[in-house]
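Keep the viewer open and look for each piece as it comes up.

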Amino acid sequence: MIEARGLVRTFPGRGGLLGRDPVRALRGVDFTIPDRGAVSFIGESGCGKTTLGRILCGLEDFDGGELIIDGRPLSRLRARQREPYFRRIQMIHQDPYSALNPTHTIERILGAPLALRARQRGENDGWIRRRRAELLELVGLDPGYALPRYPHMLSGGMRQRVVIARALTVDPEVLVADEAVSMIDVSLRLGILRLLRDLRERLDVSVLFITHDVATARYLGPGGELYVIYRGQVVEHGRTDTVIGGPVHPYTQCLLAAIPVLRGIEEPGPQRPAPLGALDERAEPPGCLFEPRCPFAAPDCRSKRPALGHLGGTAQEHACLYPERRAVVPVPAG
Amino acid sequence: MARLAPAVTLPATPNAGVPAAVRVRDLTVAFATADGELPAVSHVSLDLPPGRITGLLGESGSGKSTLALALLNATPGRVTSGSVEIDGVGDVLALPAAGLRRVRGAEIGYVFQASQNSLNPLKPVGKQLLDLGRSHGERDLRGLLGRARALLEDMGLDSARVLACYQHELSGGMRQRVGIVFALVLNAHVLILDEPTTALDMLSQAAVLQIIRDVHAARHLTTLVISHDVGVIGELADRVAVMYAGRIVEEAPTGALLAGPRHPYTRALLSALPRIAGDPELARPLPGRPPDLITIPRAGCVFRERCPLAMPVCASAEPASAGPAAATGPGGRRVACHAVPGERP
């Protein structure tokens, strides 16, 4: 289990003689990734979701709050001491075209991390060969076909499966999938989502799913949780079905209303709110962070910044002074 | 007595205000490969009805971008058959180089895939617009900048600021809008957009889709939107042509196609789609992988290896692509499949 408490990440502002205001990528984020869980983070570009994934994989440091992996708080550990914890969390990159070395065969791409693993465990070359075939079969690839091939000889979907197999070589507990299907052909996306769902069941791994495409978060299997993040702050959190079925925060509602409607089989929700204007990262509103763009803002939203809670007795947590369910999601036609 | 001012002669925009139709007939574009010359687009016929938005839906390697580039006579492959007729222009594929230069920009505006990254990083947007004007022999550069400003303001942008900006100072959504300005600033009446929203998040995507709808309607354009994203096509297009392995396998009005897809590929694609509504458990992954130039079956139906309805005839005979596109009419549909009866003229 992984827990984040009040996680903060601030980047120094760039340029300008006097420097600019720092960019607050994460402003105190709490979340839990339960064992075998499926936790999704959604939000627009620049909301902090990628920073969050990078921190979890140890690719980025945090400068406030605490990250607790298997009961161990990491903030007091040195970089070297943190390594074994971060090894349990593996990243699946967005772009399967650049995540694999084009000059290596799949055999070598999987063989290198497995050789290290074998040395740690005192296993021989036979174990590497068996494990390599096992992992490829687990991700739905035929070892006889895939092993001798170079990445460019495989489709995007197959490459993403190789990336997942490589992440599995170190027996991780968590897979961090940052936009892992957005570059995959539409007809192959469902296959990758199903694979992540199956891995939860078969290997007891949990999945941290980072996406701007909310619909894909519904395909990770039962018990999924959804966090909606805006400017480094969680604005709504609950069970995936609850949040998508009845969002109460206006930002979540804008995100869901922006999903294209498949005419003929879907109808737009009765309400289709859109944010007022684009995200201005330089502005630091004193009240609610979303107030300047909120289509439903009230006067005191400008002065009060709501904290995450169940105000109004909602099933999900949210950070809005005036939570209201609005029917914004496209519905099946007829 | 004051004399009447002489009638103003408008610059060469022959059908200003009247949308132009585009007719693609029997188009084949082939590429040289180690296995010889192979077609990426094979005997495709397609109408872009005037004033309408046509969607071209296909996965990577389906030939959709090759087809779209052929409308500009700019494909890197070799056109081995066919014609592209545009009202008021003639066959684009038969034009000499000078005529082609005028047609690109003045008649057809093209927003390239990844146009977010296709601006010159070393020059502000305004300077690049002037370059565009000069390279097209535009004498009234001030007028050109005026048109660009008007377009930018219509899209809800601060035009003075955008023209002074370098590429890196603009967000993805803003760059996409600048791409549309470049495509339309020479008064094109046919607009082609290749994957207009890739790499944009949902909110920027919704904004860009709205802009495309508005610009299309306000300027009486004939528009072609190319995408792998069923949602983008579903939001924008009046009609959809589904492309697979260099063929148009199905074409129909958008609502009819999404509600009742007939080609086995369209059916499988739609049921493999992650959607925000409906039961996720009902989705079915599409087996196999989309073919590329080398792996496209050379005889018979190009989809047969992934098709649940494949019959012996599918291995030997390519299903007729329902004749010329014109025969379908505006509300009509066509399907290229041996297992789907009817619809063939």
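Which residue stands opposite B:Val111 in strand 7 of chain B? That residue is B:Leu193. Before going further, know that this is a predicted model, where local features need pLDDT of at least 70, side-chain atom pairs count only at pLDDT 80 or more, and totals for chains, interfaces and linings use all residues. Residues are numbered from 1 along each chain as its sequence is written, while chains are lettered from A and ligands numbered from 1 in the order in which they are written.

**The seven-strand sheet of chain B**

- Helices (H or I, at least four residues) and strands (E, at least two) are DSSP runs, numbered from the N terminus.
- Chain B has an open sheet of 7 strands in the order 6-7-8-3-9-10-11, and its pairing is mixed; two strands pair if DSSP finds at least two bridges between them.
- Strand 6 (108-111) and strand 11 (334-335) of chain B sit at the edges with a single partner strand each, so one side of each has no neighbour in the sheet.
- Strand 6 of chain B runs parallel to strand 7 (residues 190-194) of chain B, and 4 bridges link the pair.
- Helix 6 (residues 172-184) of chain B packs on this sheet and touches strand 6 and strand 7 of chain B. Its direction makes about 160° with that of strand 6 of chain B (axes are lines fitted to C-alpha atoms, for helices over the stretch in contact, and angles run from 0 to 180 degrees between N-to-C directions).
- In helix 2 (residues 97-106) of chain B, B:Val103, B:Gly105 and B:Ala106 are buried, and the buried residues of helix 2 of chain B pack against strand 6 of chain B. Buried means 20 or more other C-beta atoms within 10 Å of a residue's own; exposed means 12 or fewer, partly exposed is in between, and C-beta atoms are placed from the backbone.

**The four-strand sheet of chain B**

- Another open sheet in chain B has 4 strands in the order 2-1-4-5, with antiparallel pairing.
- Its edge strands are strand 2 (36-48) and strand 5 (90-91) of chain B, each pairing on one side only.
- Strand 1 (residues 22-33) and strand 4 (residues 78-86) of chain B run antiparallel, joined by 7 bridges.
- B:Val24 has B:Val84 as its bridge partner in strand 4 of chain B.

**The core**

- The largest nonpolar core has 191 residues (such a core is a set of buried Ala, Val, Leu, Ile, Met, Phe, Trp, Tyr and Cys residues joined through C-beta atoms within 7 Å).
- Helix 7 (residues 202-218) of chain B gives the most to this core, with 9 residues.
- B:Ile192 is among the residues with the most contacts inside the core. Not counting residues up to four places away in sequence, B:Ile192 touches B:Ala68, B:Leu71, B:Ile108, B:Tyr110, B:Val111 and B:Leu224 (two residues are in contact if their C-beta atoms, placed from the backbone, lie within 7 Å).

**Where the chains meet**

- Chain B puts 34 residues into the contact, and chain A puts in 38 residues.
- On the side of chain B that touches chain A, helix 7, helix 8 (230-236) and helix 9 (254-259) of chain B each give two or more residues.
- That side of chain B divides into 19 nonpolar, 10 polar and 5 charged residues (Ala, Val, Leu, Ile, Met, Phe, Trp, Tyr, Cys and Pro count as nonpolar, Asp, Glu, Lys and Arg as charged, and the others, Gly among them, as polar).
- Helix 10 (residues 264-271) of chain B has 6 of its 8 residues buried, so it is largely enclosed by the rest of the structure.
- The cover over those buried residues includes helix 7 (186-203) of chain A.

**Over in chain A**

- A:His237 is found in strand 10 (residues 233-239) of chain A and is buried, with 24 other C-beta atoms within 10 Å.
- A:His237 and A:Ser40 are 197 residues apart in sequence, but 9.8 Å apart in space, C-alpha to C-alpha.
- Strand 1 (residues 2-11) of chain A pairs antiparallel with strand 4 (residues 64-69) of chain A over 5 bridges.
- Strand 1 of chain A also runs antiparallel to strand 2 (residues 23-33) of chain A, with 8 bridges joining them.
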